[in-house]
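Have the structure open as you read.

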Amino acid sequence: MIEVHDLSKRYGDKVAVDHLTFAVEPGHITGFLGPNGAGKSTTMRLILGLDRPQSGTATIDGVPYADLREPLRKVGALLEARAVHTGRSAYNHLWCLAQSQGLPRKRVDEALALVGLTEVARKRAGGFSLGMGQRLGIAAALLGDPQVLILDEPVNGLDPEGVLWIRNLMKSLAAAGKTIFVSSHLMSEMAQTADHLVVIGRGKLIADESVDAFIARSSERSVLVRTPQPAQLAKELERAAVPAQSDGSGEGSGSSEGEGAVTVTTADDGALIVRGMEAAEIGEKAAAARVVLHELTPQRASLEEAFMELTRGSVEYHVEVDQHADGVPAQAQGAPVAATAQVSESEVAE
Ligand code: ADP
């Protein structure tokens with residue numbers, strides 16, 4: 001088990017990790033998510049003792065990494081693809097590592113077999129494709145048959161076959177009771193891989209929960225409504241949201257701002273998308289106004305949408321804080337969050 005407690009790291013004025021506390025349990029794949037620059041790599045480096053925190057602790061089964069007696073047997077890590085001595089063969093690369101940790105030669109063969117590199121083991125690692133280099137990095141991580149695996153963006157740049165391979169490998173290792181902590185900025189990937197999520201933005205913890213709970217917690221829920229009388233229904237719903245028959249609390253205004261706002265938008269195919277009102281209430285309002293409904297479907301937010309919603313503040317931070325470049329709604333661009341954040345940064349860089 002990995003335990004991070006009140007961990008903080010600053011680089012000059014820049015807070016990379018901000019009082020993070022979470023635990024990563026064995027037997028699961030825990031996805032570590034956040035937009036680019038959120039602090040994922042820094043956190044992983046702190047867990048691996050490669051950097052010193054300003055405050056807090058990170059331990060593996062209760063022990064700081066630096067104090068582990070045989071670290072490769074306890075923790076395997078893939079931090080950066082291609083950190084391989086280019087002139088060496090894959091076999092020799094792993095054998096050197098194994099010797100440095102007192103691991104037997106047979107572990108080299110086993111690790112090569114696990115990642116499917118046995119055939120090319122004697123080839124120069126420098127000539128490997130990105131996918132093969134990634135497999136070699138994972139072989140190195142698995143060399144000591146560790147209980148804990150820490151993988152930083154392992155699917156970056158891989159083809160679909162490589163992505164599937166890593167996903168299945170992680171699943172089988174988790175099923176064997178290992179602790180798997182894997183970072184990504186790709187929600188869609190994590191949705192298919194992780195069962196638990198630790199989400200950070202600007203170095204702070206945003207969520208630590210199951211994938212299902214994460215989606216359910218997204219505030220951006222909507223209901224899809226099909227009706228032959230869309231204009232009439234939209235008017236009824238927006239009118240109903242205005243506190244005409246208010247109980248005096250003053251809450252729940254139908255104005256465009258405010259927490260209880262109801263918004264009705266029209267999708268390309270003419271369906272109405274209603275936010276801020278539950279399906280049952282929409283149905284009742286429609287019945288009361290004698291509006292015919294052909295469909296009334298609560299929309300389940302995708303993991304991508306939930307992530308966008310919950311990390312919105314941390315993405316916009318780049319835009320607003322760097323130079324008050326308003327009018328660049330980071331979420332509106334539809335690109336992966338990481339790319340969006342980078343676009344925003346470069347756009348304001350001038
Ligand atoms: P992520 O892995 O989520 O993309 P990082 O941990 O790499 O995020 O970075 C978090 C923040 O800390 C970023 O703003 C990054 O620029 C900054 N940072 C990371 N490492 C250093 C460093 N060695 N020196 C200065 N700033 C750093």
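## The sheet

In what order do the strands of the open sheet come? The order is E5-E6-E7-E3-E8-E9, 6 strands with mixed pairing. Strands (E, at least two residues) and helices (H or I, at least four) are DSSP runs, numbered from the N terminus. Two strands pair if DSSP finds at least two bridges between them.

At the edges sit E5 (75–78) and E9 (204–210), each pairing on one side only. From one strand to the next, the twist averages 15 degrees. E3 (residues 29–33) and E7 (residues 179–184) run parallel, joined by 5 bridges.

## Where this comes from

This is a predicted model: local features need pLDDT of at least 70, side-chain atom pairs count only at pLDDT 80 or more, and totals for chains, interfaces and linings use all residues. Residues are numbered from 1 along each chain as its sequence is written, and side-chain values use heavy atoms, leaving out hydrogens and water.

## Two helices side by side

H5 (residues 130–142) and H6 (residues 160–175) pack at about 15 degrees, with axes 12 Å apart. Axes are lines fitted to C-alpha atoms, for helices over the stretch in contact, and angles run from 0 to 180 degrees between N-to-C directions. H5 and H6 are therefore roughly parallel (angles under 35 degrees count as that).

Who touches whom? Gln134, Arg135, Ile138 and Leu142 of H5 meet Trp165, Ile166, Leu169 and Leu173 of H6; contact means heavy atoms within 4.5 Å.

Key. Angles under 35 degrees count as roughly parallel, over 145 as roughly antiparallel, 65 to 115 as roughly perpendicular and the rest as oblique.
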